Amino acid sequence: MKEIEEANQEVLRRMLAGEPTLVDVVPGVQAIPDLADHVILHAGPPIGWDRMCGPLRGAIMGVAVFEGWAEDLDEAGEKAAAGSFMFHPNHHFGAVGPMTGLTTKSQPLLVVENKAFGNRAYCAINEGLGKVMRFGGNDAEVLDRLRWIKEVLGPALGRAVREADGIPLKPLIARGLTMGDEMHQRNVACSTLLLRQLAPELARTAKSTEELAACLGFIGRNDQFFLNVAMAMGKALTDPARSIDGSSVVTAMSRNGTEFGIRVSGTGDRWFTAPVEMPVGLYFPGFSERDANPDIGDSAIVETIGLGAFAMAAAPAVVGYVGAGRASEAAAFTRSMAEIVVGPNPAWTIPAMDFAGVPTGIDIRLVVETGLAPTINTGIAHREPGVGQVGAGVVKAPLNCFEQALVAFAATMDIK
Amino acid sequence: MSVILNEIRRATYLDSIVLMRISRQIASLPGVEEAGLILGTPANKDLLREAGILGPGGDAAEAGDLILALRARDEATGEAAVAEAKRLLDHPGASGAPASIGSPRTIRAAVKAMPAANLALISVPGHFAVAEARKALGLGLHVMIFSDNVPIEEEVALKREARDRGLLVMGPDCGTAIVGGAPLAFANVVPRGDIGIIGASGTGIQEVSCLIARAGRGISHAIGTGARDLNADVGAITTLMAIDALDANTVTRHVVLISKPPATSVAKLVLDRVARSPKPFTICFLGAEDLPLPANARAASTLKAAAETCLGQSVTTGQAKPQPLRPDRGKLVRGLFAGGTFCAEAQIVFQRARLAVASNAAVPGASPLADAKGAHVMIDLGADEFTRGRPHPMIEPTVRDGPLKAAFADPAVGVILLDVVLGYGAHPDPARHVAGVLAGRGGPLVVATVTGTDSDPQRRTAQVRTLVEAGAIVAESNADAAAIAIGAIGETA
Amino acid sequence: MEKKDSNPSSLLAAAPRVVNIGLELFAVNLVDNGTEVVHVQWSPPARGNAHLISLLDKLRG
């Protein structure tokens, strides 16, 4: 239908026209004034304590202690169950977070500004690999690290980014795609490029050589550092496309460990939810699918803008990592996803596919028609809080979300 | 007490040939009485119901779900069979086609991958075929619909839309076409030449094209119109467009039209158009007598006659010797045909010899099977009642085994007629299979035809030899086979 | 959207370039006999749900 095609083209145009720039790192409450005491933003669509999975609860208990809202984890747990904390989706406040994805007042948040439209999006700094809060970790080691990030790394990064006058992100992505990154499970190239770019400013604005060494070391050891930057970028790129009447394009995909939610431009901020699926993938030694937590995180925002599993053809090494087949089959994933989108992104191209642009702008009509659900590359958390990552795999967005969205979208066009 | 077990696999599609292969494996497990794996369309549920294996579980399936249905002698056997079916579903086995996750899932994506595409060959379940055809037409593709079970109103609407777009719809229920030298669906490898065929019958096209090939000539194009194109409702839309196309096609110098007799109004429509063509036509409306033909057209009452008329020469290499019946056998002829057109033609040849015939696909003047009495019985094993949920006998020769053995065992039957069809899509060695059933069985004369060429994967000469060595008489054409049978029982064809 | 010569004659002008939807066997055979073919891994639209199919038809327009 002409109206829909035009609206979809407008949505794609806006997504592609964005100029995402990492402009600052600031304390949560400075970026999001609503982050008062006891307010905890989480990944995924809205959810209450009763229905939260283990890692999410574990992270909440940890962050409550970190923020000083509870003396210890037990008290935090009681308060959470008693309704003392206010839980909201990151997405409702211009933020995103990977895995449990908690955002609170004191955590430093990366600030990405979309200079083409003036909007901003936020994401906390990636804690690194292993036992971390985003996988539900909440012991002393985790909280100490969060404190160091809050007191040292966050401010240092902020100074460096401001000194650099912001870092344009589109060119970084373009380069990373030629270097084997897909920006979801593989971020090592972009993490390295970003560090390389910020190193002089980090040095110039460091308070001491020791501090500089610690920051460089922390970022340098974390292959996934750039994930959080990419996620904030994704949110910054999709927000201007969020409420175009008549558009069937997806503007958000997100999971809270219990439900998977999508938003569609033509239906504005409505969430369409369905139970999350279990990731299918490869496990680190000693772990198996018995240990896996259901799918969780806002990181599917990356697939929403054509990266991650959609750009798998750029990252053959990821295919094996997520247990999705042979590296030589990486392009098959990208070609598959090309069947359910509006069009390619000419700024982000994949050399192995003769520089085809990453498939961008998921059209719910095409998803429902083909039964091809968006594929997402994801880390797999242990179902018990605090254990950490146990593997990586692929997961599909539940078709049911798109079917519900289609019915609701059709209703906005007066079609039943 | 038999148990019926049903399971549904949501939103699972495997093509019908793969499913039938699995169904057969399950059905052949000890203690399993009947099994079917099939998409949950309403038509398919009916056939599961008719087969006595649809339970409330399967009935709840939606059109995109796969139903696994079976009847077993007891619960334990049934559960084991279900488990085996699931195992086979998860590992359907390697197929020849390069299918990977990256294969296009839609016609739209396929056309993006091959922008020069100009023909969609559609063989999805009939319930979905027209929608896919419409998408293809919307992308500017001509369409060949192999699928059957398409409601006639949908065929009419689709063909009208296609005509408005200048696009051809071959089908529904179009089993054979040869376009630009490419054999499509069930078709034989025949040389290129100057004879064009327009056929409502797949096996009709197959026999005529093969007879032409064996005479050293060739086909320009064979356009399938679908079985119902000459119905009053459809009004010969595809046939008329095909005549236009072959008229404009410089390579084509002679056109053969093959169909069962059309409705009178449609016959007139078609023949009026034939009259306006500058090219000579051979009109084979099987069984039609005394058609008023235009000057550029000649009638042929059988497929063999159609070949001879357009070739201008005989196609039989000498008269087959008269064959005596065994004294301990009766004088009834039993025809067991994979090709519906061959079944119809045999009935017509017998009727012309004033012999009573009965059939499950009776032509006008022939009796239905229930009233067979002492008539010669011609069975179309490819008819709906045999093929819903089961493979077509052209793909799977075992379908004919039961009826063939029954004919041998019936002392009233003196002659058996059967057709072996070669070419793409057909079984890789049908003659070997038939020979296996004939082996060691005395009794009726077996008169067979082999529709094919030596360029077919099965190689006609080798197939003929296998049948002759097994004791069968191989006739040059279906009409000849019927005539041999008539001669053998002491009548005149 | 028609992008080519819409005329049955154009179909007859050369070997066809086929999109095969349904039985894989047909695509295998076409490859064997040297015809250009793309096989579509078809499955029922909207998993066969008639209501959704109807919505999709209207939304495609």
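The talk below turns to a sheet, two helices and one glycine in chain B.

Mentor: A word on the basis: this is a predicted model, where local features need pLDDT of at least 70, side-chain atom pairs count only at pLDDT 80 or more, and totals for chains, interfaces and linings use all residues. Residues are numbered from 1 along each chain as its sequence is written, chains are lettered from A and ligands numbered from 1 in the order in which they are written, and side-chain values use heavy atoms, leaving out hydrogens and water.

Trainee: Why is Gly55(B) called buried?
Mentor: Buried means under 20% relative accessible area, with exposed over 50% and partly exposed in between (1.4 Å probe, protein chains only). Gly55(B) has 12% relative accessibility, so it counts as buried.

Trainee: What is Gly55(B) in contact with, leaving aside its neighbours within four places in sequence?
Mentor: Contact means heavy atoms within 4.5 Å, and Gly55(B) has such contact with Ile4(B) and Asn6(B).

Trainee: What makes β15 and β16 of chain B a pair?
Mentor: Two strands pair if DSSP finds at least two bridges between them. Here 2 bridges join β15(B) to β16(B), and the strands run parallel. In one of the bridges, Ser359(B) is partnered by Pro368(B) of β16(B).

Trainee: Why do β16 and β20 of chain B count as edges?
Mentor: The open sheet of 7 strands has the order β16-β15-β17-β14-β18-β19-β20 (chain B). β16(B) and β20(B) each have a single partner strand, so one side of each is left without a neighbour in the sheet.

Definitions and conventions
Helix = DSSP H or I, 4+ residues; strand = E, 2+ residues; numbered from the N terminus. Axes fitted to C-alpha atoms, helices over the stretch in contact; angles between N-to-C directions.
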